Amino acid sequence: MTSTTHPATHHTASDGKGIQITNTAMHQLARLCLEKGNDQVLRVGVRSGGCSGMSYTMDFVPSADIQEGDEVYEYTATDGASFRVICDPKSLLYIYGMQLDFSTEMIGGGFNFTNPNASQTCGCGSSFAV
């Protein structure tokens, strides 16, 4: 069963901005955040490399790693669990408006990025070009 069979509700940060996150991804991220501990935030960004020239990065980091200039977005899942997503301003230029989804498929499962700013994407799903 893939996440595409769930309602296509997208969550944005409490200010209405940031990355769009589907219900399935929200539940997965809230669960992972709970496992990581209270002082963790999800850093999302891009870096040079990958099949198409740029690749997505996503990792939990201590909240002390929030840098001056980082955008901080607060998300709250339907069960009330909340977590923060941070992104550096340079990466945000490439991923603003991106949708983050989660698939439970055995092959090709995991987090999936749909980026309206990408001019081409790679079959791996984690690489893109603008």
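**A tour around strand S7**

A search of the whole structure finds zero disulfides, a disulfide being a pair of cysteine sulfur atoms within 2.5 Å. In general, such a link is a covalent bond between the sulfur atoms of two cysteines. The model is predicted, so local features need pLDDT of at least 70 and side-chain atom pairs count only at pLDDT 80 or more, while totals for chains, interfaces and linings use all residues. Residues are numbered from 1 along each chain as its sequence is written, and side-chain values use heavy atoms, with hydrogens and water left out.

Select Cys33 to begin, and you will find a buried residue with a relative accessible area of 7%, where buried means under 20%, exposed means over 50% and partly exposed lies in between (1.4 Å probe, protein chains only). Then select Cys87, which is also buried, with a relative accessible area of 1%.

Next, select strand S7, residues 99-103; strands here are DSSP runs of E with at least two residues, helices are runs of H or I with at least four, and both are numbered from the N terminus. Five of the five residues of S7 are buried, so the strand is largely enclosed by the rest of the structure. As you turn the view, look for Gln99, Asp101 and Ser103 pointing one way from S7, and for Leu100 and Phe102 pointing the other way.

Is Gln20 buried or partly exposed? Gln20 is partly exposed, with a relative accessible area of 27%.

Strand S8 (residues 110-114) runs antiparallel to S7, and five bridges join the two, with Phe113 of S8 as the bridge partner of Leu100. If you draw a line from Gln20 to Phe113, C-alpha to C-alpha, it spans 9.9 Å, although the two are 93 residues apart in sequence.

Finish with the largest nonpolar core, which has 26 residues, and in which Ile19, Ile21, Tyr75, Phe83 and Ile95 touch the most other members; a nonpolar core is a set of buried Ala, Val, Leu, Ile, Met, Phe, Trp, Tyr and Cys residues joined through side-chain atoms within 4.5 Å. Among the elements that each supply at least two residues of this core are helix H1 (23-36), helix H2 (89-95) and S7, and H1 gives the most, with six residues.

Conventions: Two strands pair if DSSP finds at least two bridges between them.
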